[in-house]
Every structure is written in C-alpha cells, then in structure tokens.
Amino acid sequence: MMKLLVLFSFLALAHSAPQGPKDDNVQLLKFDSDNDGLGSYRFLYEQTDGSKRDEQGEVINVGTDDESIVIKGSYSWVAPDGITYTVTYVADDKGFQPSIEQGPGGAIPSSVIASLVG
C-alpha cells in the first residue's frame, strides 16, 4: 500500500509541475539512467530550455514487512519571467515532502504552491 502511495505522490508531482512557454526547439543536453531491475534506480536529464531533473529511488528494508521505496530528487525550470525555480523532494513512508527554491528576482507563484500542496 505504501508503495502505491509513494507512486501516486510521484505521479501527481510530475503532472503538476509548472510548464513554461512551449518551445518546439528544446534539445536534450544530458541524459543518464540506471535501473538495477530490483526497484532501485536513478535518472537525470538536462535540456536547452534550462529545465533539469534528477531522481533516485532505493528499496529499503528489503524482504521485511517494512519494505518500501524512498525517492529523492529535484526538478528545475525557467519560468516565463526568466526566474529559475527548483523543487527538491523526498517521497517515503512519511509521504511526499517538497521544498521550493527560486532564483533571484521574484516570488514563488501561488499556482506552484497550490499544485504542490494539493
């Protein structure tokens, strides 16, 4: 059950991530992915529009009743106002725990806060 909760939290995060202006010319600058096939993984990417993502998941307490996955990561994007926003998060048995950082020059948009809070 906990695995499903973490998975749904992660999917909600991905779906609610703010989207900047659509640019059909965005290129992939960096991509790396590793999956051990047993539940632990890591991936990252970086694009020419300034967006980045880095995430890793690790199965803990393997073979016990407390077995679960801990997901840690961050994603960044450049908003239409030119400010870079970064969400760093942990999803574990305590739920989804995000924190938001912003580059200089602006406040965190209320829509970003609302999408993360629920």
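Guide: Start with accessibility: a residue is buried under 20% relative accessible area, exposed over 50%, and partly exposed in between (1.4 Å probe, protein chains only). The model is predicted, so local features need pLDDT of at least 70 and side-chain atom pairs pLDDT 80 or more, while totals for chains, interfaces and linings use all residues. Residues are numbered from 1 along each chain as its sequence is written, and side-chain values use heavy atoms, without hydrogens or water.

Visitor: Is Lys94 buried or exposed?

Guide: Lys94 has 66% relative accessibility and therefore counts as exposed. Asp93, at 49%, is partly exposed. The side chains of Lys94 and Asp93 form a salt bridge, with N to O at 3.9 Å.

Visitor: How many salt bridges are there in the whole structure?

Guide: Side chains of opposite charge can pair when their charged atoms come close. The cut-off here is a side-chain nitrogen of Lys or Arg within 4 Å of a carboxyl oxygen of Asp or Glu. A search of the whole structure finds three. One of them joins Arg53 and Glu55, at 2.9 Å from N to O, and both of these residues are buried.

Visitor: Which residue forms a salt bridge with Arg42?

Guide: Asp54 does, with 2.9 Å between the closest N and O atoms. This pair links distant parts of the chain, twelve residues apart: Arg42 lies in strand S2 (residues 41–47) and Asp54 in strand S3 (residues 52–60). Arg42 is partly exposed at 36% relative accessible area, and Asp54 is also partly exposed, at 27%.

Visitor: In what order do the strands form the sheet?

Guide: Strands are DSSP runs (E, at least two residues; helices are H or I, at least four), numbered from the N terminus, and two strands pair if DSSP finds at least two bridges between them. Six strands make an open antiparallel sheet, ordered S1-S2-S3-S4-S5-S6. Strands S1 (28–35) and S6 (95–102) each have a single partner strand, so one side of each has no neighbour in the sheet. S1 and S2 are joined antiparallel over seven bridges, and Asp32 stands opposite Leu44 in S2.
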